[in-house]
Structures are given as structure tokens and as C-alpha cells.
Amino acid sequence: MRWLTGWSTGTPRPGAPVHEALATVAPIAARPLWTGPNPLWAVGDWRPEEIRLVTLRPGARPVVSTGPTTPDPVEDTPATTRLAVLGHCGATDAELAAGLAAARGGAVRHLTAWPGSYTVVLRTGARSTLLLTDLAGAQPVFHTPWAGGTAYATAALPLADLVGAALDTGHLAARLACPESPEALGTGTPYLGVQRVPPGHVLAVRGGRPYLDAYDEPPGAEQPRDEAPAIRELTRALLESVRSRVRTPAPATDPAGRARLGVDLSYGTASATVALLAAAVPLPPVPAGAPGASTGPTATGGRSAAGARSGAVKGSWAREAAQGPSTPEQLAAVTLGETEAPTSLALAPDTPRLRHTVLDPGPDTLPYAVLRTDPQSGPLTDEPGPELVAAARAGARFDAGGTDHLTGYGARQVLDGHPARLADLIRAGRPRELLPPVAALAGVDRAAAGVLTGALRTPLTVVRAAHRLSRVRYAEALDEAAAKLTARHVPDGGGTAGDRSAVDLAWCVPGPAARWLSDEALSSVALRLRLAARRPAPEEHPGAHRARHALYRQARSYRTLLHAAERPGQRLHAPFLDNQVVRAARLLPDDVRLQPGARHALLHAVLTGAGRTDLPPDWGRGPRPDRTAPTRAGLRLAADGLAELFDAPLLAEAGLIDLPAVRAGLAHSTDPATPLSPAALAGLADLVSTELWLRRLRARRHGACWTGLPRPQPPALTP
């Protein structure tokens, strides 16, 4: 885990032992980026190019440094400004310097417009610090009161260690009951007193006190463009995001001997699009003696290449591919599973620069494989998430990939039209545009059932739910959701595609694990919803609101995946979660998003705009394999481990689950003759992963992130 941390002190009160603690406490194995009353440290496995600092003093030019440096001993004046950009950022040194100069006036949005995924920390004077989150939530920021001021970090667990925070079982219940509902989750974390900064916001710590403000446009402020210019902007943004990763200089050494660059090549069009775009960008030279070094001609690498950005879109594929060849061994495309579907999906016509590696999906790569060994042996992630039960499967792909491995995570949430957006069309006075998506749902139901009855019922069910959501008041919707939660009216994820879409047409929808929670846990979450109903309603429409928080949930899941499956020395990348891609996708009209097969058509248009004009018209629309089959197989093999895990679970000790119901659900899930819906499988993954996380947290040596702290007490499951 890589993280940043620091704090800002307030005005000390007479007799308060604040500075004694500050003098002795520090993160273990940290790199100080700057010192003084507002220190900042980088902790973990950071590459040199991932730490970039800019200092601007009165009467001097900005000074840009890269990599670990010795903190500047010169005392900062009120006019001194410092900027730290940590992570993958495609900006040039000149752009960083210009960004810092412009930020002195208070405008900080431009600091989030560079390609890549990174955290920005801006320090002005001696006692003012600003931290910016990204738009998706993949680069979060957390804060908590400490030592008369505010401590902040890009991970919640170190802050919980710092203040000795107990576990917040109410937040864990909300994560299981309503994982996409901001009304239930709020800005809390699994640790009492540790708060999350919402995506798209800036945390300003002045004089030790935290202030939150949105740096991006208010929801709904960006007006969608016409389809063609919106797709051009999406193409430009995604190309820049992929280019900046491919052109990053390779690390000097890699102990595992991986390829320079790896890409996922799953059954989806998102990862295939990233793979094809990456294959068209010349790779920078690999350092001599490093694995994958080539003696052939390559494109110029270095910071200037990584930071170069071009507005050109059309013809990019042919132009960049001609700039310089790269050895196929440096671009590993990894698939876990059968060869036929992904090959026909992404490599037709064939792309020679991709070396396609198909991994055998053995028992050790199935979900829940960790339960057949030692459940507590895996890494402790910052927060729980269903990725914990599938970490071995994802890790096998990443281990066969490159030192920089590109994925398609987040594309569905960034590009697709959430079903709740149907209500937005009605609110906007465009009900006729409901016809194509509703007809597509009816076609899916007709094909699945083989009869006409379900298809005839689907349009009425979906349109009625869309009209209801467009008219219902926000407070009434939350009160109704709370009542359904306490009455255990939780959707089971079954029925037709139209039925499932109709369930999603609501302000708040229970998560798949809610059916197995205890009455006390459901009541506590329902109380949160009722209290939220008394607050002002969101400014945005319900569809845009639901889509935005679905993206936040996916970004949280991706971050948990990084902590659980990323290999030492490796970096995983999700270009679709970059700020500039998220902003570009906002410009897509709702009716374009909601068309049948919209994501495949959009990505096809992106590749066409990038110069890849030889893909078949039906690219990405072929049949998909059963994605739940590995999960079912993993559950059956892990039956004994599941029974042992829930023999005396910590979730029951905390009063969060109905243990008999959970055991019955596990028995059904491990029975090959019992069919389970994808929602039921997702709910079990939420429960099992949360139990795994709790056990790993309890087994951990608490306070392990810091030196100079008094011996902490293990956190209790109840405050």
C-alpha cells in the first residue's frame, strides 16, 4: 500500500501537550516531502517519477524536483507555495510550474486536468494545506482530528492507527445494506472519527481546522454536447490517458522479470479497447540490462515524451504505430480462461504487437480460493470489499502482465447509461427516447424466456417505474426505502431484465447482502435514511445521482483490488477512471448512453477515431461466457472453509448478520443443484469479504504504521 500522510496544527492552547506528540510521532519508513508545522510524508513503494514537487518563492522561478529529495531547510514564508503531485501524472515540468503559479490565486480545478491518476497536495504559507480528490474516488483523501489539529492521509487505516479509532459497525452495516447510497454511507469510513473527502472535493486545512469544498462544477452544470463532438472529446481523453502510461519510462529493474507493459484482454470491449490503443503507441526504451530490453529502434522516452499531449485524434493509430516499432515481448495481453472469445473479440484483425497470454484457470485462481488455505494470510486492505475473495484470480492475471498493467476497470460506470437515467429523460420532456432502451430490454427478456409474455410485460413495468421515479419526492423516496429495509423487502436480483431495471429505478436501492443482515443492523441503516430524508434534496436528477454513486462504488472496489492484488514493483492502471475521461464522458447525451449496446458502440467509435478502422461492425457484440461460473465453482470447492469461517464469525459478534440465514444461504450456494442469481452471489461475496477483512484486522499488530505512539489497544467491534 502506498499512501501520503501529514497533519496541520492549530493554535496551541496554554498547557496543552500538543507539540510533544508531534515531536515524536512519524510514519514508519516514510520519505519526508516537506517539514515544519504542516509536514507531509510519502509512505510505501513509490517510484521516483511518481513523486514530483514544485516550490515557488517570491522573486524566484518555480523549482521542480522528481523523486525522493531532502526536505528544504529554508523556512517557508506566507508567500511560499509548494505543490506535490504523487502518482501517475502526464503533465510536463513546465505544466506543473504553471499550474502552481495559477493556483496561488485560489483556483485549483486546473490541477486535476492532467492525464493520469494522482493526488495533489498544495501548501500555501506555513499553515494552509489543500488536498484534492479525483472525480471517481480512486484517489481518496481521509482526515481526522488529532493533537489539536487535523491529520490527513490517502488511506483510512493509518489514521485509525494514529488516533486509536474503534470500528464503526454502523458504517459496516450501511456498506452491506446500501453500498451505493450516499444517504446511508455519508462521509464515514469503517473507523470511528475518520472521515472521507467526497470525490471532486478539496480538503482545506487552515490553522488545523478542516474545510470541504467542491472544486468541480456543480452536478448538472456541464451541458451535454452533440454526439459527434462528445465522442471526439472522449477519444482524445482516453488516448492521452493510455499514451501517458505507455510512454512512462520503464523501471530500471523488475525482480519478477515481467514485460515492460501488460494489458488485460478479458471478454469485455473496455479492456480490449485499452489493449488496442496501447499497442499503437511506441514504447520508450527499456534500460539496458533490464528484463525485456530491446536493441531495436524505439521511440524517445523520458519525461518529455510522457508529458507530451496532442490534440490530434484522427489517424493517430497509423501515425503512432509508424513512429517506431517495439518488440512484441514488451506488450503482454493477458486472458484468464478460454482462448476463443477474447481472441475473436479483441484481436480480429490480429494485432502483432500484442503477445496474447492465456492463463489456465486452475483451482487456485478461482474465487474463494483463499478459504482453502489460510484466510488471514492475505494482505490487509484499507477497507473491506468483495475483491478480497477474488484477489487470487486477479493476481494471476496481473502477475503475468507487465510492470505497468493497464485494465478496463470503470468503463461500464463511466460510459453506460444507468437505468435510473430513464427517469431523467422523462423529467427533461423527452419520453420518446425511452423507446429504444425499453425495446432492447423486452428483446432480452423474450430471448431469455423464449416466450412473448415477459417481453410484453417489460415495457409497462419499466416505463411505469421511470415515470414514478421522475415524480417522487426525494424525502418520500428515502422514507419508503427505509420502510422496505426494515420490513426486509429486499430484491433478490431475480426475474426478467425488465424487472431488474425497474428495481434500479429508485433513489435508493438495497444492496445484495441486505437480505442476510440482522434486524438491528437494518434498523440502524433505515434510521440513517430517514435522517437523510430531512436534509435538502440533491440538485441533480435521480438518474445522474445514481450513476455518479455507482461510479464511486466501482472506484472504491478498484482501490481495494489494488491493495489486495497488485504485485511488488508493479503498477495497475485504470484509464477510464482518470479525471479527463470522466469529464469527457459527462458530455455524452443521455439518449446516446441509453441506446442498446451503447458502450460497445462508443468504444468502437473511439477506436475508429484513433485510426483503427478495420474492426468489424459487430465488434464487441458477440456472446459472453457465464461470468458467474467461476464463482459457483469456487464456492463449491471452498464449502469447508466457508463453514469454518462462519462457525463463530465476527460479523455475528458485532450484531451485523442473521447467522442462521447466512448459514442457510451458504449451504444453498455450495449445492450444485441450487441455482443462485448473480445478486445472491454478489451478496455472499460482500459478507465473506467483510468477515475476512475483520479477521485480518484483528490479527494485525495495531499501530504498525507509526513510531512514537503509545501502545494502542486492539479496536473493538463495537464502539
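At what angle do helix H6 (residues 227-246) and helix H20 (residues 579-586) pack, and how far apart are their axes? They pack at an angle of about 170°, with their axes 8 Å apart. This is a predicted model, in which local features need pLDDT of at least 70 and side-chain atom pairs count only at pLDDT 80 or more, while totals for chains, interfaces and linings use all residues. Residues are numbered from 1 along each chain as its sequence is written, and side-chain values use heavy atoms, with hydrogens and water left out.

**Helix packing**

- H6 and H20 are therefore roughly antiparallel to each other (angles over 145 degrees count as such, and those under 35 degrees as roughly parallel).
- In this pair, Glu233, Leu234, Arg236, Ala237, Leu238, Glu240 and Ser241 of H6 meet Gln580, Val581, Ala584 and Ala585 of H20, where contact means heavy atoms within 4.5 Å.
- By class, the contact of H6 with H20 comprises six nonpolar, two polar and three charged residues.
- Helix H7 (residues 269-279) and helix H22 (residues 598-609) pack at an angle of about 5°, with their axes 10 Å apart, and H7 and H22 are therefore roughly parallel to each other.
- Thr269, Ala270, Thr273, Leu276 and Leu277 in H7 meet Arg599, His600, Leu603, Val606 and Leu607 in H22, a contact of six nonpolar, three polar and one charged residues.

**Salt bridges**

- The structure holds 37 salt bridges, each being a side-chain nitrogen of Lys or Arg within 4 Å of a carboxyl oxygen of Asp or Glu.
- One of them joins arginine 47 to aspartate 404, with the closest N and O atoms 3.0 Å apart.
- This pair links distant parts of the chain, 357 residues apart, since arginine 47 lies in the loop between strand S4 (40-43) and strand S5 (51-56), and aspartate 404 in strand S18 (residues 402-406).

**Aromatic residues**

- Trp3, Trp7, Trp41, Trp146 and Trp706 form one aromatic cluster.

Definitions and conventions. Axes fitted to C-alpha atoms, helices over the stretch in contact; angles between N-to-C directions. Helix = DSSP H or I, 4+ residues; strand = E, 2+ residues; numbered from the N terminus. Parallel < 35°, antiparallel > 145°, perpendicular 65-115°, else oblique. Nonpolar A, V, L, I, M, F, W, Y, C, P; charged D, E, K, R; others polar. Phe/Tyr/Trp six-rings, centres within 6.5 Å; stacked < 30°, edge-to-face > 60°.
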